[in-house]
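Please read them alongside the coordinates.

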Amino acid sequence: QVQLVESGGGLVQTGRSLKLSCVASVSIPGTILIINDMGWYRQAPGKQRELVATASSGGNADVTDSVKGRFTISRDHAKNTVSLQMTSLEPEDTAVYYCNADYIHYMQSGAEPTVGRVWGKGTLVTVSS
């Protein structure tokens, strides 16, 4: 079972900062998990889920225009983690933030791996005005 666990959400005032973290892991001992692309999405109340930031295994990183200059995405490939540093937070940033990852899971040597996409349960960020 491949899992993503987000952390770092909370309630902050406008202009403050938060750092979200996401860790990918596999619950089956002795298997190998390779993470390709990772990203952050968010969903505000009553709105559709939207892409916030992406970080590829090749080193490319990008954020959507609405948060450019305020949010930064980064990865630790060795630890299968991705973080989202959020600064100058605005009430419009209030949403549940979800981590996403594309993975390759090797269950055993010589066998075909499982390729899939996994989502975290989300962490709530609330920015008060």
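1. E90 is partly exposed in this predicted model, with a relative accessible area of 33%. Its side chain meets that of R70 in a salt bridge, at 3.8 Å from N to O. R70 belongs to the loop between strand 6 (61-63) and strand 7, whereas E90 belongs to the loop between strand 8 and strand 9, so the pair ties together parts that are 20 residues apart in sequence. R70 itself counts as buried, at 12% relative accessibility, because the cut-off for that class is under 20%.

2. R42 is buried, with a relative accessible area of 7%, while E50 is partly exposed, with a value of 34%.

3. Another salt bridge joins the side chains of R117 and D102, with an N to O distance of 2.7 Å. R117 lies in strand 10 (residues 114-119) and D102 in strand 9, so this pair ties together parts that are 15 residues apart in sequence. Here R117 is exposed, with a relative accessible area of 51%, and D102 is buried, at 17%.

4. Which strands pair with strand 9, and in what sense? Strand 4 and strand 9 run antiparallel and are joined by ten bridges; in this pairing, the bridge partner of I35 is Y103 in strand 9. Strand 10 also runs antiparallel to strand 9, with six bridges between them, and I104 stands opposite V115 in strand 10. Strand 11 pairs with strand 9 in the antiparallel sense as well, over three bridges, and V96 stands opposite L124 in strand 11.

5. Strand 9 is mostly covered, in that nine of its twelve residues are buried. Y106, which lies in strand 9 (residues 95-106), is partly exposed, with a relative accessible area of 35%. Together with I32 and I34, Y106 forms a nonpolar patch on the surface, and the accessible area of these residues together is about 270 Å².

6. The largest nonpolar core has 31 residues, and those with the most contacts inside it are M38, W40, F71, L84, M86 and Y97. Several strands each supply at least two residues of this core, including strand 1 (2-7), strand 3 (18-26), strand 4 (32-43), strand 5 (50-55), strand 7 (71-76), strand 8 (81-86) and strand 11 (123-128). The largest share, five residues, comes from strand 9. In general terms, nonpolar side chains tend to be buried together in soluble globular proteins.

7. M86 deserves a separate look, as one of the residues with the most contacts inside the core. Leaving aside residues up to four places away in sequence, M86 touches R16, S17, L18, L20, R70, F71, Y97 and V125.

Conventions
Residues are numbered from 1 along each chain as its sequence is written. This is a predicted model: local features need pLDDT of at least 70, side-chain atom pairs count only at pLDDT 80 or more; totals for chains, interfaces and linings use all residues. Side-chain values use heavy atoms; hydrogens and water are left out. Patches are made of residues with over 30% relative accessible area and no salt bridge: like charges are joined within 9 Å, nonpolar side chains (Val, Leu, Ile, Met, Phe, Trp, Tyr) within 5 Å. Accessible areas come from the Shrake-Rupley method with a 1.4 Å probe; for residues, only the protein chains shown count as cover. A salt bridge is a side-chain nitrogen of Lys or Arg within 4 Å of a carboxyl oxygen of Asp or Glu. Helices (H or I, at least four residues) and strands (E, at least two) are DSSP runs, numbered from the N terminus. Buried means under 20% relative accessible area, exposed over 50%, partly exposed in between (1.4 Å probe, protein chains only). A nonpolar core is a set of buried Ala, Val, Leu, Ile, Met, Phe, Trp, Tyr and Cys residues joined through side-chain atoms within 4.5 Å. Contact means heavy atoms within 4.5 Å. Two strands pair if DSSP finds at least two bridges between them.
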